[in-house]
Amino acid sequence: MTRVAAIDCGTNSIRLLVADADPATGELTDLDRRMTIVRLGQGVDRTGRLAPEALERTFAACREYADVIKEHGAERLRFVATSASRDAENREDFVRGVLDILGVEPEVITGDQEAEFSFTGATKELTGRSDLTRPYLVVDIGGGSTEFVVGGDHVRAARSVDVGCVRMTERHLVHGGEVSDPPTEDEIAAMRADVEAALDLAEQSVPLREAHTLVGLAGSVTTVSAIAQELPAYDSARIHHSRVSRDRVREITERLLRSTHAERAAIPSLHPGRVDVIGAGALVLLAIMERVGAEEVVVSEHDILDGIAWSVA
């Protein structure tokens, strides 16, 4: 048994997992799992740089996580950074700040590496289930990018494309610093066109339609599940391995895109940091389901973070 810590720093959130890993049984036992919305990717699509206030929010979360890691006595730590820090001209400022706080250098991984970790984290515990047919299509809808991975026991093909809930919101729904409230039909159509173009790219290297089971990861997907179940609060146990039909995803997406900020903020299971970006995230999920013909999505709370933890163990 090895006590490990994994940090996944994405475009919208930074997450920590401290767990005991048992390679003999393939089990990860969570000791602490937490998420902070830091919006590291704020403005990156427009400016190409990480904003000073976004860096400070991220470093504040890192200081909190350093205390948690020390408290649990984790033997090993791996810090992985994804889309926003790949794209930024000033990513060295980010690297130096993390190194000073946590004592490890963040690994700015490629989209292919990101896909590999996501697939491992999402599917390791699905082995042996008779109700889920392989191959799987694992989709990780992040803030700045979406990863597509097809495989059974191992990854067969993977591709990362630059569409995510934050990137699509900032590109199409933000004008003069304000988010459209609600979006216009033209804005929604332009966002959908971007997603469809990204799916065309993904299909060049990943056989999306050959998969038998769609597994959805990350906050946009888990939040759609929470809304579908009408949960009074976000509940990981009820969300993990829940299933949401395509019709229900379509209904929720249309509702989110027609609603105002205040109406979305009133949804009890919706994290305040996702209020402005959840409509775009739901639209990405719906477009994927329609493209591949998936009747339902199996929602997983285990994702790239669990894959990173296994890579450390």
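First, the basis of what I say. This is a predicted model, in which local features need pLDDT of at least 70 and side-chain atom pairs count only at pLDDT 80 or more, while totals for chains, interfaces and linings use all residues. Residues are numbered from 1 along each chain as its sequence is written, and side-chain values use heavy atoms, with hydrogens and water left out.

Let me begin with the salt bridges. A salt bridge here is a side-chain nitrogen of Lys or Arg within 4 Å of a carboxyl oxygen of Asp or Glu. The structure holds 29 of them.

In one of them, Asp-32 pairs with Arg-34 at 2.9 Å, N to O. For accessibility, buried means under 20% relative accessible area, exposed over 50%, and partly exposed in between, with a 1.4 Å probe and protein chains only. Asp-32, at 14%, is therefore buried, and Arg-34, at 29%, is partly exposed.

Another salt bridge links Arg-243 to Asp-131, with the closest N and O atoms 2.6 Å apart. Where do Arg-243 and Asp-131 lie? Arg-243 is in strand 12 and Asp-131 is in the loop between helix 5 (111–123) and strand 6 (136–141), so this pair ties together parts that are 112 residues apart in sequence. As for the terms, helices (H or I, at least four residues) and strands (E, at least two) are DSSP runs, numbered from the N terminus. Both partners are partly exposed: Arg-243 has a relative accessibility of 37%, and Asp-131 one of 40%.

Next, the side chains of Arg-291 and Glu-203 form a salt bridge at 2.8 Å, N to O. Arg-291 belongs to helix 12 (residues 278–292) and Glu-203 to helix 7 (residues 185–203), so parts 88 residues apart in sequence are tied together. Arg-291 is buried at 14% relative accessibility, whereas Glu-203 is partly exposed at 25%. Both residues belong to one network, in which salt bridges that share partners join Arg-192, Glu-196, Asp-200, Glu-203, Arg-209, Asp-247, Arg-250, Glu-290 and Arg-291.

Helix 12 brings me to helix packing. Two packed helices are described by the angle between their axes and the distance between the axes. Helix 8 (residues 219–228) packs against helix 12 at an angle of about 95 degrees, their axes being 9 Å apart. Axes are lines fitted to C-alpha atoms, for helices over the stretch in contact, and angles run from 0 to 180 degrees between N-to-C directions. The two helices are therefore roughly perpendicular, a word that covers angles of 65 to 115 degrees.

Which residues of helix 8 and helix 12 make the contact? Helix 8 contributes Ser-220, Val-221, Thr-223 and Val-224, and helix 12 contributes Ile-278, Gly-281, Ala-282 and Leu-285; contact means heavy atoms within 4.5 Å. Five of these residues are nonpolar, three are polar and none is charged.

I turn now to buried residues. Thr-146 lies in strand 7 (residues 146–151) and is buried, with a relative accessible area of 0%. A polar atom of its side chain lies 2.7 Å from the backbone oxygen of Val-163. Leaving aside residues up to four places away in sequence, Thr-146 touches several residues, including Ile-141, Val-161, Val-284 and Ile-288.

Ser-242 is in the loop between helix 9 (236–239) and strand 12 (243–245), and it is buried at 11% relative accessibility. A polar atom of the Ser-242 side chain lies 2.7 Å from the backbone oxygen of Ile-239. Beyond its neighbours within four places in sequence, Ser-242 is in contact with Ser-225, Gln-229, Val-297, Val-298 and Val-299.

Helix 6 (residues 165–172) is mostly covered, with six of its eight residues buried. Those six are Cys-165, Val-166, Arg-167, Met-168, Thr-169 and His-172.

Finally, the backbone. The peptide bond from Arg-134 to Pro-135 is cis, with omega near 0 degrees, and Pro-135 sits in the loop between helix 5 and strand 6. The bond from Asp-181 to Pro-182 is also cis, with omega near 0 degrees. Glu-230, although not a glycine, has a positive phi of about 55 degrees. Is Glu-230 buried or exposed? With a relative accessible area of 65%, Glu-230 is exposed.

Definitions and conventions
A polar contact is a pair of N or O atoms within 3.5 Å; within protein, one must be able to donate a hydrogen and the other to accept it, and residues adjacent in sequence count only if both atoms are side-chain atoms. Angles under 35 degrees count as roughly parallel, over 145 as roughly antiparallel, 65 to 115 as roughly perpendicular and the rest as oblique. Ala, Val, Leu, Ile, Met, Phe, Trp, Tyr, Cys and Pro count as nonpolar, Asp, Glu, Lys and Arg as charged, and the others, Gly among them, as polar.
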